[in-house]
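Dear colleague,

Please find the structure below, handed over for your records.

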Amino acid sequence: MNKYQANRILGAILIPDKEIERYDKELGFFKIKFSKETIKEYKGNFDKKQNIPLTKSHSKESFKSFELSNSFLISDNNKSSIPESYKNYPIGTWLVEYTFIDEEEFLNLISSDLIGFSVELEYSITDENGKTHHLKDNFERMNKLSELLSINIFIRGGSTGGAGRNEHGEAHFEIHQKNSNKNIGKIFMPKLNRWSELNFKEKLSLLTIEKGADIPKREKKAFVKWLEKNENENLKRCYNEWNRINKDNNQAILI
């Protein structure tokens, strides 16, 4: 997302053949990409609609004072005239530009942690068994792992005795049944350097409940993909949270 004129934001919505991670309750995490031709169709449908809301992180909170200034595909004819930061994008990339009437709202946007545009789509994919699934993007799972699964996962841990860091043992994920909140076991938090060396199958094996019934494989796959997303960003975040919550007390945090 790029501010290149007063009160205007330009950004890419879809880039041809770029893999995008998505989630479905039945399929779990998967990746999808769109061709130039498909992106052109989506753009055509988008341009025909009126009053499409511009929301923050796919939430119910929307911007109030904007208007769509431009919606176009990068082509050989216009590539030389677009901002420098987009000139390396492939032909067929879909860009949109919004102009904000309210300057305060515009300044709040550019000072926020929002980094780009995203669009909610409907599409069909075929799974490994040949079954076709007709899907509509659902973004409610983006921030909290437990929203994806039928279990709740808490960060706990410390040392081996006493209070504070010493209260709950080695850093681990505490697994609860979602409806009853019954504690069904724990999974020790993998060390980052070890985790980075493992392949996906090995990571699945590592996320096994200690002395208890294992979690379903579909949910374990979602757990692994969540931890390793964006170069293990969420695993690093879990350790940061463990250090924070176990410094002085016995708090737990739901992830």
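Phe46 and Trp94 form an edge-to-face aromatic pair, with 5.2 Å from centre to centre and 75° between the planes. Phe46 lies in helix 1 and Trp94 in strand 6 (residues 94–100), so this pair ties together parts that are 48 residues apart in sequence. Both Phe46 and Trp94 are buried.

Please note that this is a predicted model, in which local features need pLDDT of at least 70 and side-chain atom pairs count only at pLDDT 80 or more, while totals for chains, interfaces and linings use all residues. Residues are numbered from 1 along each chain as its sequence is written, and side-chain values use heavy atoms, with hydrogens and water left out.

Aromatic pairs

The count comes to six aromatic pairs; rings of Phe, Tyr and Trp (its six-membered ring) pair if their centres lie within 6.5 Å, and planes under 30 degrees apart count as stacked, over 60 as edge-to-face and the rest as tilted. The rings of Phe34 and Tyr42 have centres 5.6 Å apart and planes at 90°, so this pair is edge-to-face. Phe34 is buried at 7% relative accessibility. Phe34 and Tyr42 also belong, with Tyr123, to one aromatic cluster.

Salt bridges

A search of the whole structure finds six salt bridges, a salt bridge being a side-chain nitrogen of Lys or Arg within 4 Å of a carboxyl oxygen of Asp or Glu. Three of them are described here.

In one of these, the side chains of Lys43 and Asp47 meet at 2.5 Å, N to O. Lys43 and Asp47 are four residues apart in helix 1 (residues 36–48), which means that about one helical turn separates them. Lys43 is buried, with a relative accessible area of 15%, whereas Asp47 is partly exposed at 32%.

Lys87 forms a salt bridge with Glu84, and their closest N and O atoms are 3.3 Å apart. Lys87 counts as partly exposed at 25% relative accessibility, while Glu84 counts as exposed at 61%.

The side chains of Lys203 and Glu228 also meet in a salt bridge, at 2.8 Å from N to O. Lys203 lies in helix 4 (residues 200–206) and Glu228 in helix 5 (residues 217–245), so the pair ties together parts that are 25 residues apart in sequence. Lys203 is buried at 7% relative accessibility, and Glu228 is partly exposed, with a relative accessible area of 26%.

The chain as a whole

The secondary structure comes to five helices and twelve strands; helices (H or I, at least four residues) and strands (E, at least two) are DSSP runs, numbered from the N terminus. Buried residues make up 40% of the 255 residues in the chain. Of the contacts (heavy atoms within 4.5 Å) with a separation of 6 or more, 56% are between residues 24 or more positions apart. The accessible surface of the chain comes to about 15,200 Å², of which 44% belongs to carbon and sulfur atoms; accessible areas come from the Shrake-Rupley method with a 1.4 Å probe, and for residues only the protein chains shown count as cover.

With kind regards

How values were computed. Buried means under 20% relative accessible area, exposed over 50%, partly exposed in between (1.4 Å probe, protein chains only).
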